[in-house]
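Here is a short briefing on one protein chain. Look through the sequence and the model first, then read the points below.

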Amino acid sequence: MSSAEANDRRGAPARSGPDRGGINPARRTILSGFLFGCGIAASMIDLFIFHLGLQWHHFYDLSTTEVALTADGFFHAFGWFITIWGLFLLADVRRRGDVNWKRWSGALIAGVGFFQLFDGIVDHKILRIHQIRYDVDLLPYDAIWIGSAMVLLLVGLLILWPARPHRTDT
């Protein structure tokens with residue numbers, strides 16, 4: 001191999017193995033799936049179903065309807081931003097080699113669960129910027145919301161655990 005072939009466009013030495021060019025494909029696959037899962041939870045599940053479809057709440061319910069709708073717009077944009085970010089990372093992983101779809105799917109499910117758990121605990125209970133519903137007993141709604149989020153997060157982690165890359169001692 002010539003020295004020109006051993007160097008990339010920036011003059012850095014070519015790398016091989018799991019950390020090609022400073023990028024770990026396994027980690028990038030997990031980050032891609034996790035971001036995509038968080039974005040799907042925010043944009044598809046929470047916003048489309050609970051904000052728009054059922055109209056149970058808005059992202060920020062402590063002010064006027066106009067402020068609530070504006071907050072939903074920013075929340076929607078953020079949700080789609082992280083969804084697309086996850087897809088760009090996935091495209092980069094695919095460009096560099098094969099995608100471990102089991103790892104990506106586990107990270108996606110974990111991302112959905114993490115987002116829903118974060119929303120249920122931080123937004124609903126700690127910050128109290130919105131509730132799942134209003135004028136009802138919240139206990140069953142919170143139990144289902146937080147419980148299903150924990151189940152999704154656990155399922156995603158259980159899928160990821162056996163799909164993790166094995167270290168080799170040298």
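Is Leu54 buried, partly exposed or exposed? Leu54 counts as partly exposed, because its relative accessibility is 41%. The cut-offs are under 20% relative accessible area for buried and over 50% for exposed, with partly exposed in between (1.4 Å probe, protein chains only).

This is a predicted model, in which local features need pLDDT of at least 70, side-chain atom pairs count only at pLDDT 80 or more, and totals for chains, interfaces and linings use all residues. Residues are numbered from 1 along each chain as its sequence is written, and side-chain values use heavy atoms, with hydrogens and water left out.

**Overall fold**

- The protein chain has five helices and zero strands. Helices (H or I, at least four residues) and strands (E, at least two) are DSSP runs, numbered from the N terminus.
- From the N terminus on, the order of elements is α-α-α-α-α.
- The protein chain has 170 residues, and 36% of them count as buried.
- Take the contacts between residues at least 6 apart in sequence: 73% of them join residues at least 24 apart. Contact means heavy atoms within 4.5 Å.

**Surface**

- The protein chain exposes about 10600 Å², and carbon and sulfur atoms supply 65% of that area. Areas come from the Shrake-Rupley method with a 1.4 Å probe; for residues, only the protein chains shown count as cover.
- Leu54 sits in the loop between α2 and α3 (65-96).
- Met44, Phe48, Ile49, Leu52 and Leu54 make a nonpolar surface patch of about 410 Å².
- Patch residues have over 30% relative accessible area and no salt bridge; like charges are joined within 9 Å, and nonpolar side chains (Val, Leu, Ile, Met, Phe, Trp, Tyr) within 5 Å. A salt bridge is a side-chain nitrogen of Lys or Arg within 4 Å of a carboxyl oxygen of Asp or Glu.

- Ser43 belongs to helix α2 (residues 25-53). Ser43 is buried, because its relative accessible area is 1%.
- A polar atom of the Ser43 side chain lies 3.2 Å from the backbone nitrogen of Trp80. A polar contact is a pair of N or O atoms within 3.5 Å; within protein, one must be able to donate a hydrogen and the other to accept it, and residues adjacent in sequence count only if both atoms are side-chain atoms.
- Neighbours within four places in sequence aside, Ser43 touches Phe48, His76, Gly79, Trp80 and Thr83.
- Asp137 is in the loop between α4 and α5 (138-163). Asp137 is exposed, with a relative accessible area of 55%.
- A polar atom of the Asp137 side chain lies 3.4 Å from the backbone nitrogen of Leu139.

**Aromatic pairs**

- Rings of Phe, Tyr and Trp (its six-membered ring) pair if their centres lie within 6.5 Å; planes under 30 degrees apart count as stacked, over 60 as edge-to-face and the rest as tilted. The count comes to ten aromatic pairs.
- Trp101 and Trp104 are edge-to-face, because their ring centres are 5.7 Å apart and their planes are at 80 degrees. Both lie in helix α4 (residues 101-126), three residues apart, about one turn of the helix.
- Trp101 is partly exposed at 43% relative accessible area, whereas Trp104 is buried at 9%.
- Phe114 and Phe118 have ring centres 6.3 Å apart and planes at 25 degrees, so this pair is stacked. Both lie in helix α4, four residues apart.
- Phe114 is partly exposed at 38% relative accessibility, and Phe118 is partly exposed at 40%.
- Phe50, Trp56, Tyr141 and Trp145 form one aromatic cluster.
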